[in-house]
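These are my notebook entries on one structure. I set down what I looked up, entry by entry.

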Amino acid sequence: TMAVIFGGLSIALLTDIIGDVSNLLLLCFLLSFLQFVMTWLTVKNFPREFSQHGGQQTDATLRDVLAQPYARQIFLYRFFSGYGTELIIIIFATQAARRFQTADSLATFLGNFMAAGTFLTLLFLLFAAGRLLKQFGLSLGIMGNPILVGVVVFSLLFAQLAPLPLITLVFVLAVLARVLDFVLSVSLTEPSIKTMYQALPEQSRPALITVVEAVSQPLGYGVVGGSLLLFAAFNLTGDTLMFTYTAVVCVVWALYGWRTFGLYKTTLLAKLSQRTLAQADLTIDDPATMTIVTNLAQSDDPTQVRLALNLLEQAEHPTYEPLLQNLVDHTNDAARLEAFTRLEKHPALAAKIPFATYLDQPNTAAVHAAMLRTFMAAGSTSAVESGVAALNSPEAEIRRAALIGLLRYGGIAGQVRAGQYLLTLTESSRETDQLLLAQTLAALDNHNFYQPLEKLLASDAAAVRCFALQAAAKVRH
């Protein structure tokens with residue numbers, strides 16, 4: 001970035017030193033050769049670093065990209081992006097050449113423009129781009145450029161059609177269109193495109209990206225050149241035609257942006273639901289992606305709720321804990337079970353839940369058990385009392401939750417009451433009591449509870465022996 005700014009500002013000075021603008025071509029050749037030498041030396045001196053990333057072969061072809069609807073949509077968007085940008089560059093260069101009619105003045109203007117445009121892009125990246133993308137999301141990054149540039153191009157067309165010549169206004173609008181396209185492409189569109197690539201199939205993603213980036217925009221540049229040659233062959237020239245042509249392309253570009261953004265949301269939701277997207281690759285700060293995750297969390301499908309919670313937890317997103325609190329009122333019992341189970345790991349957050357109210361409501365045994373265990377994890381005195389009372393529940397799952405909660409979180413009083421209950425289970429010969437004891441010991445990670453295991457391992461019930469083996473693996477005596 002600094003090199004572009006410095007190079008642009010130095011055009012006038014270099015022209016004075018080397019005598020003629022055409023001599024800048026020789027300087028460009030020398031700098032390009034120097035860049036080639038430095039690149040070659042870097043690859044030669046650091047072969048391991050380059051082999052780690054360059055060893056993968058790209059097997060995808062253009063046909064492979066066009067065969068996938070989402071990849072094809074991104075390809076077409078990038079195509080029209082290059083198409084529109086090239087037309088805007090031609091309009092800008094044409095207007096600049098008319099205003100600065102000598103080679104020296106034109107070169108100086110273009111150099112200063114590149115320096116100023118790059119500096120504006122740097123400022124926009126530092127102070128505005130991140131905030132705008134976080135607030136408005138990918139829709140701004142994908143559609144903002146063609147819409148804003150399109151407005152300026154339509155203004156160019158109206159200025160051109162005005163009854164009075166507005167030469168200066170046309171020039172200013174042409175410069176503005178180029179500045180907007182330059183700044184927005186770098187700071188908004190490129191980061192948004194990189195985010196949208198995450199919805200491509202993970203295994204073929206690098207190959208597909210390579211094909212899209214290598215073909216789509218250059219193809220757009222080529223189509224611009226071919227179309228202008230075709231216009232010239234039929235004597236179709238002039239600013240009005242050029243402005244109209246560019247305005248139409250900007251409209252199509254914006255429409256493809258809207259379509260691509262909609263398909264991104266649909267594709268990402270499908271991949272999240274099917275768990276075919278690597279969670280480590282997901283950028284969750286984008287509002288559009290966040291909306292998809294929120295919809296998953298509000299789904300009646302517990303697997304989608306669990307997926308949303310996993311994504312938020314992995315990203316350490318600030319909405320994770322508030323979402324857990326809200327899920328305790330979910331209409332689906334499996335989703336509530338997931339919420340209470342996770343809240344057990346967050347006792348400070350669990351302390352804010354009015355458990356006394358929830359425990360009095362009709363719940364399934366699984367939900368009531370998870371609720372009770374989490375209530376005791378919060379550490380209140382009333383929670384221990386609820387746990388002791390639950391030891392008399394007719395549901396074995398609730399009694400097991402009470403035992404585990406009292407032993408983990410009940411303090412001395414809770415552990416004494418749970419210990420007494422465990423002794424009665426140890427002395428019992430009933431299969432249901434032995435199963436409850438084995439399940440409780442398997443759930444605990446306590447090396448001291450090994451005495452009952454010998455009896456449990458000799459039980460006639462396979463389920464009892466299974467849980468006893470799990471407990472024995474933790475005791476390791």
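Is Leu 403 buried or exposed? I found that Leu 403 counts as buried because its relative accessibility is 0%; buried means under 20% relative accessible area, exposed over 50% and partly exposed in between, with a 1.4 Å probe and protein chains only.

**Entry: basis of the values.** I note that this is a predicted model, in which local features need pLDDT of at least 70 and side-chain atom pairs count only at pLDDT 80 or more, while totals for chains, interfaces and linings use all residues. Residues are numbered from 1 along each chain as its sequence is written, and side-chain values use heavy atoms, with hydrogens and water left out.

**Entry: Leu 403.** I located Leu 403 in helix α20 (residues 396-409); helices (H or I, at least four residues) and strands (E, at least two) are DSSP runs, numbered from the N terminus. I then listed its contacts, where contact means heavy atoms within 4.5 Å. Leaving aside neighbours within four places in sequence, Leu 403 is in contact with Leu 391, Ala 418, Tyr 421, Leu 422, Leu 425, Leu 436 and Thr 440. From Leu 403 to Gly 414, eleven residues apart in sequence, the C-alpha to C-alpha distance is 8.8 Å.

**Entry: Thr 374.** Thr 374 belongs to helix α18 (residues 365-377), and its 0% relative accessibility is why it counts as buried. Not counting residues up to four places away in sequence, Thr 374 touches Phe 340, Thr 341, Leu 343, Glu 344, Ala 350 and Phe 355. Lys 455 is 81 residues from Thr 374 along the chain, and their C-alpha atoms are separated by 31 Å.

**Entry: helix α14.** Which residues of helix α14 (residues 320-327) are buried? I noted Tyr 320, Leu 323, Leu 324 and Leu 327. They lie on the same side of α14 because they cover an arc of only 105° around the axis; the arc is that of the directions from the helix axis to the C-beta atoms. An α-helix has 3.6 residues a turn, so residues three or four places apart point the same way.

**Entry: exposed helix residues.** I looked up Met 2, which is found in helix α1 (residues 2-9). Met 2 is exposed because its relative accessible area is 56%. Met 2 and Ala 115 are 113 residues apart in sequence, yet 8.7 Å apart in space, C-alpha to C-alpha. Ala 356, in helix α17 (residues 355-359), is also exposed, with a relative accessible area of 52%. Ala 356 and Ser 386 are 30 residues apart in sequence and 8.9 Å apart from C-alpha to C-alpha.

**Entry: the cavity.** How many cavities of 30 Å³ or more does a search of the whole structure find? I recorded one, and the largest cavity has a volume of about 30 Å³. On a 1 Å grid over the protein atoms alone, a cavity is a set of points where a 1.4 Å probe fits but cannot get out, and a pocket is an open set with protein on both sides within 12 Å along at least five of seven lines; lining residues have an atom within 4 Å of a point. Grid points are joined across faces, edges and corners, and a volume is the space filled by probe spheres set on the points. The lining of the largest cavity consists of Leu 441, Leu 444, Asn 446, Phe 449, Ala 471, Lys 474 and Val 475. Helix α24 (residues 462-475) gives the most to this lining, with three residues.

**Entry: the second largest pocket.** I noted about 240 Å³ of space in the second largest pocket. It is lined by 15 residues, and the closest to its centre are Ile 90, Leu 228, Thr 237, Gly 238 and Met 242. Helices α6 (69-99), α10 (205-233) and α11 (239-274) each supply at least two lining residues, and α6 gives the most, with five.

**Entry: Asn 235.** I found Asn 235 in the loop between α10 and α11. Asn 235 has a positive phi of about 60° although it is not a glycine. Most residues other than glycine have a negative phi. Asn 235 counts as exposed because its relative accessibility is 66%.

**Entry: cysteines.** I recorded zero disulfides in the structure; a disulfide is a pair of cysteine sulfur atoms within 2.5 Å. Cys 250 counts as buried at 1% relative accessibility, whereas Cys 466 counts as partly exposed at 40%.
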